[in-house]
Amino acid sequence: MSQYRSILREINRNKGGKDKHRFEIFLLRFMVHFNAPTSQKDRDAMWESSRHAISSLSDTGFESQVLRCFDFTLWIKAKIYGRPVAEIFAREAIIRKQKELSIN
């Protein structure tokens with residue numbers, strides 16, 4: 001917990017405060033407070049809540065740039081569902097490819 005506070009203090013000192021780096025703060029809180037739910041229903045609810053929070057964060061310029069570099073949304077999904085990150089990324093790539101093929 002003290003590392004969490006130390007990192008937040010550093011973000012506030014060097015990067016202009018909480019408003020500029022909401023995504024980093026969200027990720028830190030997720031990592032510190034994350035406790036994987038045991039039931040599928042609870043995992044689904046946690047995923048929807050996290051997905052909604054991330055989508056609201058991605059509206060700003062900085063956060064959308066971060067998500068273009070690495071899709072933390074899928075990383076969080078892998079953590080919630082207890083699946084390997086590579087599996088989640090592969091599954092998402094297949095879904096995106098299918099959507100592209102159905103559009104064209």
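**Packing of helix 5 in the predicted model**

Helix 2 (residues 22-33) and helix 5 pack at an angle of about 10°, and their axes lie 12 Å apart. Helices here are DSSP runs (H or I, at least four residues), numbered from the N terminus, and axes are lines fitted to C-alpha atoms over the stretch in contact, with angles from 0 to 180 degrees between N-to-C directions. Helix 2 and helix 5 are therefore roughly parallel to each other, a description applied to angles under 35 degrees. Contact, defined as heavy atoms within 4.5 Å, is made by F23, F26, L27, F30 and M31 of helix 2 and by F72, W75, I76, K79 and I80 of helix 5. By class, this contact of helix 2 with helix 5 comprises nine nonpolar, no polar and one charged residues. Nonpolar denotes Ala, Val, Leu, Ile, Met, Phe, Trp, Tyr, Cys and Pro, charged denotes Asp, Glu, Lys and Arg, and polar denotes the others, Gly among them.

The model is a predicted one, in which local features need pLDDT of at least 70 and side-chain atom pairs count only at pLDDT 80 or more, whereas totals for chains, interfaces and linings use all residues. Residues are numbered from 1 along each chain as its sequence is written, and side-chain values use heavy atoms, with hydrogens and water left out. The protein has an average pLDDT (the predictor's confidence in each residue, from 0 to 100) of 81, and 86% of the residues score at least 70. Confidence is lowest in helix 1 (residues 2-14), with a mean of 71, and highest in helix 5, at 90.

Helix 5 (residues 72-81) also meets helix 3 (residues 40-57); their axes come within 10 Å and cross at roughly 165°. Helix 3 and helix 5 are therefore roughly antiparallel to each other, the term for angles over 145 degrees. From helix 3, Q40, R43, D44, M46, W47, S50 and I54 take part in the contact, and from helix 5, T73, I76, K77, I80 and Y81. Six nonpolar, three polar and three charged residues make up the contact of helix 3 with helix 5.

Two individual residues complete the description. T73, in helix 5, counts as buried because its relative accessibility is 16%; buried means under 20% relative accessible area, exposed over 50% and partly exposed in between (1.4 Å probe, protein chains only). Leaving aside residues up to four places away in sequence, T73 touches W47, I54 and L67. A86, located in helix 6 (residues 85-103), counts as exposed at 59% relative accessibility. The C-alpha atoms of A86 and W75 are separated by 9.1 Å, with the two residues eleven apart along the chain.

Terms used
Helix = DSSP H or I, 4+ residues; strand = E, 2+ residues; numbered from the N terminus. Parallel < 35°, antiparallel > 145°, perpendicular 65-115°, else oblique.
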